[in-house]
Amino acid sequence: MFVVGTAGHVDHGKSTLVRALTGIDPDRLREEQERGMTIELGFAWLTLPSGREISIVDVPGHVRFVRHMLAGIGAVDLALLIIAADEGVMPQTREHLAILDLLEVRRAIVVLTKCDMVDNAWASLVEEDVHATLDGTALGDAPIVRVSAVTGDGLDTLRAAIDDALQAAPPPRDIGRPRLGIDRVFTMTGFGTVVTGTLLDGRLRTGDTVEVVPGGRTLRVRGLQSHRREVKEALPGTRVAVNLAGVSTEDLTRGQTLATPGRLEAARTFDARVRSLPGEAMRHNRRVTVHLAAAEAPARLRLFGTDEVADGAEGWAQVVLAEPIAAAPGDLFVVRLGDQTLGGGRVVEVNAPRHRRTDPAVIDRLASRALGTPEARLLAALERIEPCSTVTLERTAGLSPDEGRLTLDALIEKGDIRRLTPPAGEPVLVSGVTLAGYEETARRALAAYHAAHPLRFAMPREELRGALSLPQREFAAVLGGLTPGIGTRGEGVVETGWEPRPSPQQRAAIEAAAGALAAGGLQPDRVSFDPAIAAYLVEAGRAIDCGDSVLLDTAAFEGAQQGVIAAMRSHAGPMTLAETRDLLGVSRRNAQAILETLDRQGVTMRVGDGRMLRASR
Ligand SMILES: Nc1nc2c(ncn2[C@@H]2O[C@H](COP(=O)(O)OP(=O)(O)O)[C@@H](O)[C@H]2O)c(=O)[nH]1
Ligand SMILES: [Mg+2]
């Protein structure tokens with residue numbers, strides 16, 4: 001699941017494009033429909049050609065509503081920078097581009113809209129201008145797609161381009177610390193208070209307790225919806241509507257965050273690395289507005305060692321907020337003054353003490369904190385990309401191989417990082433915290449599976465892999481690293497000590513089925529067993545599933561196997577299906593099913609029209 005955001009100048013066709021792609025009108029407010037202009041964030045969703053489902057956040061382009069744009073654009077995995085072919089690059093095209101850069105949105109597609117209004121030569125001129133504008137920015141390599149929302153031209157190409165761009169995107173990070181920046185609060189008849197936002201860093205489940213930051217209230221998640229569908233569990237990287245128990249809409253506002261209790265601080269100040277946009281300046285003690293995720297607050301910047309950070313330069317600051325907002329080290333923010341975006345930065349430390357502005361040691365300390373010790377860098381890198389291999393981690397952390405190895409060994413020794421070795425392939429690294437998160441998820445998934453399938457001996461591996469959303473190799477490694485409470489059985493996974501728990505009625509049905517099979521020998525009556533009972537008998541070793549709905553008593557099957565082996569040993573050349581049928585005295589269909597099962601088991605093999613014993617027999 002990924003979130004895609006629009007960006008670009010007002011009236012360039014963002015909302016129209018979203019409607020053309022999804023069939024959902026993102027401008028849902030009456031005022032928006034009357035004025036034909038987006039004011040608030042709009043939301044839609046779409047299934048791409050690959051089958052991938054994405055959420056779309058549509059932002060307003062008007063200069064007066066950049067603050068609303070900022071509330072929605074921070075958490076997107078991909079931006080669609082929308083430029084009307086008839087107007088080309090305009091002021092909010094540049095401002096939104098600068099904001100995407102400050103918020104480190106690294107993936108984008110430039111969509112040239114309204115191509116039905118210009119000829120090809122004109123569109124090419126505009127494209128050149130776009131290249132010149134993007135050159136040297138993080139989005140310099142973004143593809144350009146020409147569309148018309150009116151004729152529908154280019155929409156298929158755009159859908160494919162979105163698929164392509166997301167193909168390479170890392171899956172949304174899941175570090176077991178869910179946070180959801182609230183961007184809307186409303187009441188829904190029959191539900192009560194609902195908030196929406198983009199879920200990051202972990203999953204939310206119905207029944208979870210969440211803390212509202214700032215504010216400190218804890219609330220219970222009564223229900224969850226994603227794309228208008230009710231879900232038991234919402235995944236990171238999705239747009240989520242959360243129904244909260246015991247709270248009224250007046251007690252919640254946009255900008256607050258829902259988080260695991262105790263995990264996220266309300267910042268009154270934070271220290272930060274700041275960066276000014278070219279041509280702009282951030283001055284010491286100037287009153288500005290800080291936008292962080294869906295929150296915004298008036299603030300002053302206390303600059304260290306300088307009175308001004310200007311024109312593309314970077315510096316260090318303590319941001320003193322007039323109202324607290326939820327913030328964590330690493331979070332990105334934007335600084336504005338009136339209708340002007342001045343720059344932005346990255347949070348280094350939350351609620352640090354006040355520092356002396358002129359003390360050079362302050363800057364040294366901040367710099368080493370921001371860059372971090374090798375351990376901090378390795379852990380921070382791991383959090384972004386885990387589960388991962390050793391080389392990838394060292395490369396991402398920017399450490400030399402020697403330093404990387406030493407640091408990694410120390411962290412493994414301390415238990416902060418776990419090195420898990422899959423049965424085949426390279427070891428996989430995860431943090432202890434994440435492994436604990438996997439364990440928790442696996443435990444829940446297993447408990448739910450066992451409860452839903454009391455007759456099954458184990459949960460299929462693939463189902464558990466789906467619950468953990470891990471690739472094959474990483475899954476195999478993690479499975480081996482889970483505590484003794486979780487084990488494997490055959491091809492499946494179980495809670496240690498799990499045994500099927502048939503009810504008295506089921507037990508009776510099992511015995512009746514087993515009795516009927518035993519009595520039927522190799523040609524039991526074709527009664528249709530409950531599939532759960534049949535699977536139970538097979539997994540218990542009491543029956544053999546020969547395929548083609550042929551279920552045989554194990555002893556009867558083994559008798560047939562001995563008979564076939566003996567007959568084939570003394571048979572000249574391959575034995576035909578008809579000969580086997582006569583030997584066993586069964587129907588052609590059962591003979592066929594038995595032989596195919598013996599093939600699968602490696603006892604026999606096909607030779608021309610008949611079968612022979614494998615050489616190893
Ligand atoms: N001819 C033409 N008009 C378009 C196209 N896309 C949008 N428009 C029109 O441009 C105007 C602004 O569109 P809108 O989606 O509200 O722009 P936004 O402010 O970027 O969301 C509306 O009148 C649309 O009908 C297009 O592809 N071709
Ligand atoms: Mg719009």
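This is a predicted model: local features need pLDDT of at least 70, side-chain atom pairs count only at pLDDT 80 or more; totals for chains, interfaces and linings use all residues.
Let's begin with ligand 1. There are 16 residues around ligand 1, and the ones that come nearest are Asp11, Lys14, Thr16, Asp116 and Ala149. What kinds of residues make up this shell? Sorted by class, the shell holds 8 polar residues, along with 4 nonpolar and 4 charged ones.

Now zoom in on the oxygen atoms of the ligand. Find Thr16: an N or O atom in the Thr16 side chain sits 2.5 Å from an oxygen of ligand 1. Lys114 also reaches in with its side chain, placing a polar atom 2.9 Å from a ligand oxygen. How much of the ligand does the protein bury? On its own, ligand 1 would expose 580 Å², and the protein buries 77% of that.

Next stop, the cavity. The count here is 1 cavity of 30 Å³ or more, and the volume of the largest cavity is about 30 Å³. To find it, look for its lining: Arg67, His68, Leu70, Ala71, Arg254, His291, Ala294, Ala295 and Glu296. Which element gives the most to that lining? Helix 3 does, with 4 residues. Helix 3 spans 66–73, and strand 20, at 295–303, likewise supplies at least two lining residues.

Conventions. Residues are numbered from 1 along each chain as its sequence is written. Chains are lettered from A and ligands numbered from 1 in the order in which they are written. Side-chain values use heavy atoms; hydrogens and water are left out. On a 1 Å grid over the protein atoms alone, a cavity is a set of points where a 1.4 Å probe fits but cannot get out, and a pocket is an open set with protein on both sides within 12 Å along at least five of seven lines; lining residues have an atom within 4 Å of a point. Grid points are joined across faces, edges and corners, and a volume is the space filled by probe spheres set on the points. A residue is near a molecule or strand if one of its heavy atoms lies within 4 Å of it. A polar contact is a pair of N or O atoms within 3.5 Å; within protein, one must be able to donate a hydrogen and the other to accept it, and residues adjacent in sequence count only if both atoms are side-chain atoms. Accessible areas come from the Shrake-Rupley method with a 1.4 Å probe; for residues, only the protein chains shown count as cover. Ala, Val, Leu, Ile, Met, Phe, Trp, Tyr, Cys and Pro count as nonpolar, Asp, Glu, Lys and Arg as charged, and the others, Gly among them, as polar.
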